[in-house]
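Colleague: Before we discuss this predicted model further, I would like a close look at a single part of it. Please take the nonpolar core and describe its surroundings in one connected account.

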Amino acid sequence: MAKRVIGIATAAMVVGGSVLSGCAGRSGTVTAGTAGASSTQGSTEAVEASFVREGGDVLLVIKGMSCPMCASNIDNELAEIPGVKRVAVDLNTGTVRVSLTKGAAPTAAQFERAVYDSGFTLARIERP
Amino acid sequence: MSASTTRSVCVAIATLLLCCEPVSGQQATRVQAVTQPGRGEVDATQLISFDRYGRDPTGAGRTVTDLSVHTVLRYGISRDWSAVAQLPIVSRVTEMPAVGPGDDEEGIQGLGDARVDLRYRFYQHDFGPLNTIRLAARFGVEAPTGARDVGSHSWDPIIGASAMYINGRWGLNASAEYKLSTSTIRDNAIIGSGADDLLEFGTAAVYRVFPERWGNESHGAGYIVLEHVSRFETGGDREVVAYPGLLWEDTRWAAELSVGVPIHQRSVDRLERDFSLSIGFRVLF
């Protein structure tokens with residue numbers, strides 16, 4: 001069962017896009033549209049592959065998370081995705097760090113759907 | 001404090017303890033915010049209110065003291081649709097000057113009028129980590145579940161809309177609704193529960209005082225809340241009430257306190273409000 005952490009993650013847990021740019025070959029980014037939209041499918045496949053290969057964490061950049069308790073919506077939705085071990089919300093940066101179990105292979109579409117159903121807007125998905 | 005009031009306090013506290021459920025935060029106490037549980041999620045809010053009405057325009061010298069516990073359950077049907085059920089428990093004590101050896105106090109305890117709403121968020125624009133603009137419409141009905149002299153004893157349809165704007169530390173909400181009363185009972189006690197239709201309009205500003213920025217050591221947030229609610233009845237009665245208050249929201253719970261101060265009141269034969277005091281709890285399991 002996924003361990004859920006609602007609230008404010010430490011800054012050190014969140015890696016921004018500028019850091020990712022220095023990790024060529026180990027990071028990926030998906031620019032999200034409407035949940036389930038076909039416009040994201042092409043870039044999604046590349047990230048899906050890296051999820052399987054590396055496991056580890058995924059960083060969701062989200063808009064509209066206005067408070068810690070509101071963010072519990074997204075926490076609950078993400079926890080339902082198979083392979084999600086831990087969720088940490090950082091309201092300051094609007095990011096959600098999702099820790100995956102080893103070998104877990106959730107798709108970008110699953111993350112996108114979870115954020116959409118939570119009532120927020122997913123800007124992009126990053127690999128820290 | 002009278003015996004009936006004491007009993008009411010016990011009922012309120014017991015109900016509160018039994019009914020704590022997950023809720024959402026970042027919303028003012030009275031003015032409807034455009035927030036809802038996620039799909040398939042249920043949350044609840046409980047608000048204990050103490051309202052004192054002591055200005056009797058008829059000169060009869062009546063006073064009414066209401067102690068009420070409002071339980072609000074919300075269910076996320078989908079991303080943009082939600083259902084809301086509200087059930088008040090009311091204890092009302094009416095006091096009149098004694099004119100003889102009889103009792104000068106009458107107490108009523110029981111359910112108030114329950115309400116069910118269907119809400120649809122038809123616009124949402126998220127433009128930053130915290131920032132958002134949202135609009136919602138709601139359609140509801142107030143059911144005749146109220147006890148004697150507490151409810152309208154009628155099915156009253158309600159239509160309304162809400163707007164929410166959050167930018168950084170500021171949150172602004174506005175809400176309006178119209179209740180079409182089908183009741184034939186003229187409630188002489190409280191505005192909004194009689195035979196006249198009711199237009200209610202409210203605004204709320206929520207400002208995050210602490211922390212200035214979310215950081216590593218942040219575990220909760222303190223807000224200053226200022227609400228205003230205007231109630232206009234088609235019969236001419238009206239009131240405008242300001243509700244300054246405080247809200248503390250942690251990651252697992254929230255608590256709020258507000259005081260109602262009447263700004264303007266006009267009534268022919270109804271009691272006018274002296275003040276209100278409300279304490280709310282939100283717990284996330």
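Modeller: The largest nonpolar core holds 41 residues. The members with the most contacts inside this core are L60(A), I62(A), I74(A), V96(A), V98(A) and V115(A). In soluble globular proteins, nonpolar side chains tend to be buried together.

Setting aside residues up to four places away in sequence, L60(A) touches T95(A), V96(A), V98(A), F111(A), V115(A), L122(A) and I125(A). Of these partners, V96(A), V98(A) and V115(A) are also named among the core members with the most contacts.

The buried positions are A108(A), Q110(A), F111(A), E112(A), A114(A), V115(A), Y116(A), D117(A) and S118(A). Directly after the helix comes G119(A), with a positive phi near 95°.

The chain around this helix can be summarised as follows. Chain A contains 4 helices and 6 strands, and their order along the sequence is β-α-β-α-β-α-β-β-α-β. Of the 128 residues in chain A, 48% are buried. When contacts in chain A between residues at least 6 apart in sequence are considered, 74% of them join residues at least 24 apart.

K179(B) belongs to strand β8, residues 170-179 of that chain. K179(B) has 24 C-beta neighbours inside 10 Å and therefore counts as buried, the cut-off being 20 or more. Apart from neighbours within four places in sequence, K179(B) is in contact with E142(B), D156(B), I158(B), D197(B) and L198(B). Between K179(B) and V268(B), which lie 89 residues apart along the chain, the C-alpha separation is 21 Å.

Finally, a word on confidence. The predicted model scores ipTM 0.73 and pTM 0.78. Chain B has a mean pLDDT of 84, with 86% of its residues reaching 70 or more. Over residues 9-25 of chain B, however, the pLDDT is below 50, and this stretch has 43 contacts in the model beyond near neighbours in sequence.

Notes: Residues numbered from 1 in each chain as written. Chains lettered and ligands numbered in written order. Predicted model: local features only at pLDDT ≥ 70, side-chain atom pairs only at ≥ 80, totals over all residues. Buried ≥ 20, exposed ≤ 12 C-beta atoms within 10 Å, placed from the backbone. Helix = DSSP H or I, 4+ residues; strand = E, 2+ residues; numbered from the N terminus. Contact = placed C-beta atoms within 7 Å. pLDDT = per-residue confidence, 0-100. Core = buried A, V, L, I, M, F, W, Y, C linked by C-beta atoms within 7 Å.
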